[in-house]
Each structure stands twice: as structure tokens, then as C-alpha cells.
Amino acid sequence: MSRRYAIASESSVIVYFGTSIDPVISQEVQKAYHALKAKAQESFYEIIPSYASLMVSYDVMRFSFDAVCEIIENSIHQAESIAVSEPKIITIPVYYGREVGLDLELLAQEKNLSAEEIIALHVNEVYTVYAIGFAPGFAYLGEIDARLATSRLASPRKAVPKGSVSIADRQTAVYPTQSPGGWKVLGRTPTAMFDASYDGLSLLHVGDHVRYQSISKEEFLSLGGEL
Amino acid sequence: MNGFIVENGGLQSSIQDAGRRGLSDIGLTQSGAMDEMAFGYANFLVGNAFNTPAIEIAMGGASFKARSEMCIAICGANMQPTCNGHSIALWQTHLLRRGDVIAFDFANEGQFAYIAVAGGFQTPFAYGSYSTSLKEGLGGLEGRKLKTGDLLHTLGNRCPMDRRKLERKFIPKYPDSITVRLVKGYQEAMFDTKAQETFFNSTYTFKGEGDRMGYRLSGEKVVPSSTGILSEPICYGAVQVPSHGEPIVLLKERQTIGGYPKMGSIIAVDCFKLAQLKAGGKVKFKEVSLKEAQRATRAFYIFFKEQEA
């Protein structure tokens, strides 16, 4: 697979593995990311993966651009000879009730499906974490069933409640905290996405696999969910 | 208690250090002092290590009361600081006594001022930094800007010497018109020759549309060959050009990934200058080689590393 190294700034290198959202390309990024995290985390300021690219920010007092490219390239080569470990599968419980699934009704009308059918399609898939951004712990998961693919809200909400499980395009994500946003909300999870007590702070990391599990209102409340 | 009590937080004052590192992969912004040069000099003057938390005052209007004897330095934007109503100078140390009130007017030069105290502020450490990330509501004091009644503890250290003053030649100026150096990169290929000529030959205006996240500049429109790209990581100083064609420079509280085409990135030391530009200020971009850019950045950090050695 061909990789393209580019300057991002005087202290950052970006590596392009491709130009599309593709599970194969994403896996290449994930392998490089994990190899660098394991080997060079202390050496670099940031190692940030996204869908098809990876950026490394470095200390210009210690490294040249070429040296950083070489470290990345070596890490990737070493990672290739190592068998890919099974991804972690994380189950996120979701209450899909009408009072928290703010756009369930809207989506049902738009897709000509019942709310139950939408929920079934949403929980049926195993998703991959392609990228994290927008907010701490905000993980972009893909891809949702094509029958659910939808546009963002015409006018974004000023405050999407914390834990809102949402979709946009072919992606799905949980809002880790209350924040503005335009994704369509299907339900709510009582699970924290970002917490200082978590090892690694974020529940999800790039490359993890995720399953949503439908829970009742009682379960949601007993797990600490708030309406 | 040793330290300050916040009498008035002003428009936006917060605790900052050099920023949060190594957590952008889970979506945490870097944050940290908008102008590391003024921040660095303030700490240098009071004898602190470079990366010691200081108060960052944005635009002005803040005041603080000393609860104990302490040694401070104020660097950065000129907010005509006073101590008990009497003018005090920037770029030097001051010994405060218990009950002294230092107050800041609105900046007539620059945007951000820093107060460093000998020994540093003893504020909470979160996720590897003392910095406040206002957008995310984390770090610093409960993730927010300072407000009346906040207590900022200090160790009550003495000044490194009776009075320490920054040599005049080191004192930065904050002119209304600046040239910032840019290293081309990212999607530079998406901007054709004509677009690049427009970009490097134009003078842009900062109309005050910006915050700690980034500054939008107004002026000649530069149109990339495509309006969007697949979301990718964003570094400090990145110049992104959304479909409106006007550049946005991403600064300390930038988002970690994004999908707009980028011309390249402004070098760190010039991002500090840009941060200090007042509304109405003019910006010109100048292309520099990676080598030249790295030399400038190294020169900046070497100065502070040498002080600590």
C-alpha cells in the first residue's frame, strides 16, 4: 500500500494512507497508530489518527522531518509483521425511548420505517471507531445500514443532551457531554464516553468495535441514566 | 492563604500553561497560552520554569487582590495595569504586599496579558496540564474562566532577585499590521497558482472574528479545487479555507480533526504574534521553507531551555 508523507507544519508530519472511508485503509491507519503509540508515544507530542491519515507532532529540538518520517515508516513495517490482534468489542447500552430519541419520529417518517425497524437496524451492526474528534471522547463509528443514512438536521440543536446516540450520513456517534450538534438523535446511553477514571480516559479508541444494545427505561435508569 | 483572590475576572481570564499534549487522539484540544512568548517571559522574570501555570487575561477588565506577599511579572498586551491605582510597568517583576490590588484596563496594544507569580499558581492539574480548555470545560479552575471570589493559591516564593527587568531588545511589539510566515503543506496542491498568488499577495483583515480556537481573516477569496476533504488531523497554526474562501487560522483550542482544505501552517512563533493582533489588524502571509521555519521555532524554545539549564 502506498503512503504519502506531507508537511503539516514545521513540527508536524501527516501520512496519507488513502482518500476514502474504507475499512481496509482504516485498518492500515490503526496499525500504524497502535505501533507508534506503543513505541514512540514518549517521543512525540501527538499521534493522531483519522479515517485515512495519521499526524505526528514532534519537538523540533529533537527531530528533523526526515527522522520522524523514518520512525513512522519503521513502525509501520514492524507492525506489518505482527499479527493483527482482535479488536476490542465494546457494548454500549441504549435506551431508545421517545423522550430521549429526539429524532426517532422524524427519521421514521423520512425513511418510511417504524421506530422498531430503525432500532433493529441500528443495533444489528458491529461498528468500527474510525476517528475521534469534535469533543473529548466523541467517536465516529461506521458504517450504519444504508437504509438509515440521513442528512444532518437543517438547524442544529444548541444543546444535544449528554449520552445522546445519534446518526448522520453513514456514521453514528454518542455525544460525550451536552453540546451543540446537528446529528439526528435516536436514543440515550447511561454509559460515560469520557471519564477521568477510565484507563485511557476515553471509553473508545480508534480501531475498537462497538455494538449498541437496546435496554428498557428501567435498565437505563438503574444504570444511572438521566432523562 | 497565599495567593490572589479574583476581584473581577474581566472578559475572559483563565489559568494556562504551555498546553495539553498527547491526548488529541481522543479528542482533547491542546489549549495553553495563546501567546507563549509573553507567557514565557512572565515566567522567566519571576524565575519559574517555562511551563508554569500563569493567568491569561484576554482583552482586559480584570482585577486581583493579593492575600499575601508575592512576586509577580506582567507581560504581553498593554492593559495599563495598576497597583492600588498607581501605574505599574510591564516586562518586570513587582513585589506585592498583602492587600495590594492589581487592576487591568482594556488592552490598547495586544490582546493577551500574562501574570506569572514566583513559584507558580497551585491550581488543579488535569489531563497532563494546568491549562483551561474553555470550549471543553475542563482543566484550570473547573474548566471555566475566572470569576469574582476565585482563590488562586501560590507558594509565596520570593523574587529571584530584588527586581528583574526584561532587556528592551527582547520586548515584543504588537503592531496593527503583521506578516506571518507559513510553511506550505497539507492540501497546498488543491490551491492552483492563481489562488496561491492571491493568497500570498493579499492583505487580510482580522475583524475580531475569533477566539482561543482560531481566527478568521477577511479579504481576497481563495478558492480550493474542492470544498471538502476527508476529515484529518489538524495541527497548530493550520490555515484552513472553507467554501467561503477566507482563511481561518487554527490556534490553541482548535478542533483535533476537520475536513476543510488547508494551504499549510503558520509557524508557532508567528501564531503567537497573530494571537496578539487586535480587531482591525492586517495580516500578510509569507512563504518560508521548512528549514527556515524550524530554525525560527528552535531559536524561540532554545532561549527558554537555556534559562532552565
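Tutor: A salt bridge is a side-chain nitrogen of Lys or Arg within 4 Å of a carboxyl oxygen of Asp or Glu. By that rule, A:Arg3, A:Glu73 and A:Glu80 are linked in a network of salt bridges. Before going on, note that this is a predicted model, where local features need pLDDT of at least 70 and side-chain atom pairs count only at pLDDT 80 or more, while totals for chains, interfaces and linings use all residues. Residues are numbered from 1 along each chain as its sequence is written, chains are lettered from A and ligands numbered from 1 in the order in which they are written, and side-chain values use heavy atoms, with hydrogens and water left out.

Student: How many salt bridges does the structure hold over all chains?

Tutor: The count is 25. One of them pairs A:Arg3 with A:Glu80, with the closest N and O atoms 3.9 Å apart. A:Arg3 lies in the segment before E1 of chain A and A:Glu80 in helix H2 of chain A, so this pair ties together parts 77 residues apart in sequence. Helices (H or I, at least four residues) and strands (E, at least two) are DSSP runs, numbered from the N terminus.

Student: Is A:Arg3 buried or exposed?

Tutor: A:Arg3 has 18%, so it is buried. A:Glu80 has 39%, so it is partly exposed. B:Lys184 is buried at 18%, and B:Glu188 is partly exposed at 29%.

Student: Which parts of A:Ile71 and A:Ser75 approach each other?

Tutor: Think of polar contacts here. A polar contact is a pair of N or O atoms within 3.5 Å; within protein, one must be able to donate a hydrogen and the other to accept it, and residues adjacent in sequence count only if both atoms are side-chain atoms. The backbone oxygen of A:Ile71 lies 2.8 Å from a polar atom of the A:Ser75 side chain. A:Ser75 is in helix H2 (residues 65-81) of chain A. A:Ser75 is buried, with a relative accessible area of 1%. Contact means heavy atoms within 4.5 Å. Not counting residues up to four places away in sequence, A:Ser75 touches A:Ala35, A:Leu36 and A:Lys39.

Student: Which strands pair with E2(A)?

Tutor: Two strands pair if DSSP finds at least two bridges between them. Strand E1 (residues 4-9) of chain A pairs with E2(A) in the antiparallel sense over 5 bridges. A hairpin joins E1(A) to E2(A) through 2 residues. Strand E4 (residues 53-57) of chain A is joined to E2(A) by 5 bridges and also runs antiparallel to it. Follow A:Tyr16: A:Arg4 stands opposite it, and A:Tyr16 stands opposite A:Ser53 in E4(A).

Student: Why is E2(A) described as largely enclosed?

Tutor: Count its buried residues. In strand E2 (residues 12-16) of chain A, 5 of the 5 residues are buried, so it is largely enclosed by the rest of the structure. A:Ser12, A:Ile14 and A:Tyr16 point one way, A:Val13 and A:Val15 the other way, and all are buried.

Student: What is the area buried between chain B and chain A?

Tutor: The size of an interface is often given as the accessible area lost when the parts come together. Buried area is the accessible area (1.4 Å probe) that two parts lose on being put together, summed over both. Between chain B and chain A this is about 3,100 Å², with carbon and sulfur atoms giving 64%. In chain B, B:Asp25, B:Ile26 and B:Leu230 lose the most area to chain A, together 22% of what that side buries. In residue terms, 39 residues of chain B are in contact with 44 residues of chain A.

Student: Which side chains form the salt bridge between the chains?

Tutor: The count between chain B and chain A is 1 salt bridge. The side chains of A:Lys37 and B:Asp25 meet there, at 2.7 Å, N to O. H4(B) gives the most to the side of chain B that touches chain A, with 8 residues.

Terms used:
Buried < 20%, exposed > 50% of the residue type's maximum accessible area, 1.4 Å probe, protein only.
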